[in-house]
Amino acid sequence: NETIDINLNGAFYFARACARHMIGRRAGAMVNISSVSGRLGFAFRTPYAASKWGMIGLSHSLAAELGRHGIRVNAVLPGPTEGERIINVMQAQAETRSISYERVEKGFLSQLPLGFMPTAARE
């Protein structure tokens with residue numbers, strides 16, 4: 001519930017509040033953050049994947065509803081970034097599925113267009 005509330009419901013309520021003002025101006029743009037999980041889904045990450053799939057549907061629906069008012073709605077679907085968080089996700093996958101971390105990582109990377117996870121940009 002917490003994941004759906006934060007990732008999807010929060011975006012819906014925020015969009016609803018902003019749309020009122022954008023409709024009055026007959027202009028605006030909304031950019032929602034989804035994830036590649038919104039296209040692929042990942043085992044044992046169901047709430048997260050469902051929230052990101054929902055974000056894609058929300059974005060499409062809002063675009064259909066608000067486009068006639070001059071409001072653009074898009075969703076960005078970033079992939080994973082190398083780091084502790086994704087390592088923990090893959091380790092949990094390996095443990096839950098009783099397979100090696102390396103096998104999970106190989107399968108995970110094979111789904112990514114780049115074939116690798118970029119590192120976070122640092123200043």
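Student: Which element gives the most to the lining of the largest pocket?
Tutor: In this predicted model, helix H4, which spans residues 84-97, gives the most to that lining, with three residues.

Student: And how much space lies in that pocket?
Tutor: The largest pocket holds about 320 Å³ of space. Of the 17 residues that line it, Arg 45, Tyr 48, Pro 80, Arg 85 and Ile 86 are the closest to its centre, and the elements that give two or more residues to the lining are H3 and H4.

Student: What classes of residue line the largest pocket?
Tutor: Sorted by class, its lining has nine nonpolar residues, five polar ones and three charged ones.

Student: OK, what about the second largest pocket, what is its volume?
Tutor: The volume of the second largest pocket is about 180 Å³. Its lining includes Gly 41, Phe 42, Val 89, Gln 93, Arg 103 and Phe 108, and the elements that supply two or more of the lining residues are H4 and helix H5, residues 101-110.

Student: Let's change topic: which residues make up the largest nonpolar core?
Tutor: The largest nonpolar core has twelve residues in all, and among them are Leu 8, Ala 11, Met 22, Met 55, Leu 62, Ile 71 and Val 73. Helix H1 (2-25), helix H3 (46-66) and strand E2 each supply at least two residues of this core, and H1 gives the most, with five.

Student: What about Ser 59, buried or exposed?
Tutor: Ser 59 has its place in helix H3, and it counts as buried because its relative accessibility is 4%, where the cut-off for buried is under 20%. Leaving aside neighbours within four places in sequence, Ser 59 is in contact with Asn 32, Val 73, Asn 74 and Ala 75.

Student: How many aromatic pairs are there?
Tutor: The count comes to one aromatic pair. This pair is formed by Phe 12 and Tyr 13, and it is edge-to-face, with 5.3 Å from centre to centre and 65 degrees between the planes.

Student: Why do Phe 12 and Tyr 13 count as partly exposed?
Tutor: Phe 12 is partly exposed because its relative accessible area is 34%, and Tyr 13 is partly exposed because its relative accessibility is 48%. Partly exposed covers what falls between buried, under 20%, and exposed, over 50%.

Student: Last one, where does Gly 83 lie?
Tutor: Gly 83 lies in the loop between strand E2 (71-76) and helix H4, and with a relative accessible area of 24% it is partly exposed. Its C-alpha atom is separated by 8.0 Å from that of Ala 120, although the two residues are 37 residues apart along the chain.

Notes:
Residues are numbered from 1 along each chain as its sequence is written. This is a predicted model: local features need pLDDT of at least 70, side-chain atom pairs count only at pLDDT 80 or more; totals for chains, interfaces and linings use all residues. Side-chain values use heavy atoms; hydrogens and water are left out. Helices (H or I, at least four residues) and strands (E, at least two) are DSSP runs, numbered from the N terminus. Buried means under 20% relative accessible area, exposed over 50%, partly exposed in between (1.4 Å probe, protein chains only). A nonpolar core is a set of buried Ala, Val, Leu, Ile, Met, Phe, Trp, Tyr and Cys residues joined through side-chain atoms within 4.5 Å. On a 1 Å grid over the protein atoms alone, a cavity is a set of points where a 1.4 Å probe fits but cannot get out, and a pocket is an open set with protein on both sides within 12 Å along at least five of seven lines; lining residues have an atom within 4 Å of a point. Grid points are joined across faces, edges and corners, and a volume is the space filled by probe spheres set on the points. Ala, Val, Leu, Ile, Met, Phe, Trp, Tyr, Cys and Pro count as nonpolar, Asp, Glu, Lys and Arg as charged, and the others, Gly among them, as polar. Rings of Phe, Tyr and Trp (its six-membered ring) pair if their centres lie within 6.5 Å; planes under 30 degrees apart count as stacked, over 60 as edge-to-face and the rest as tilted. Contact means heavy atoms within 4.5 Å.
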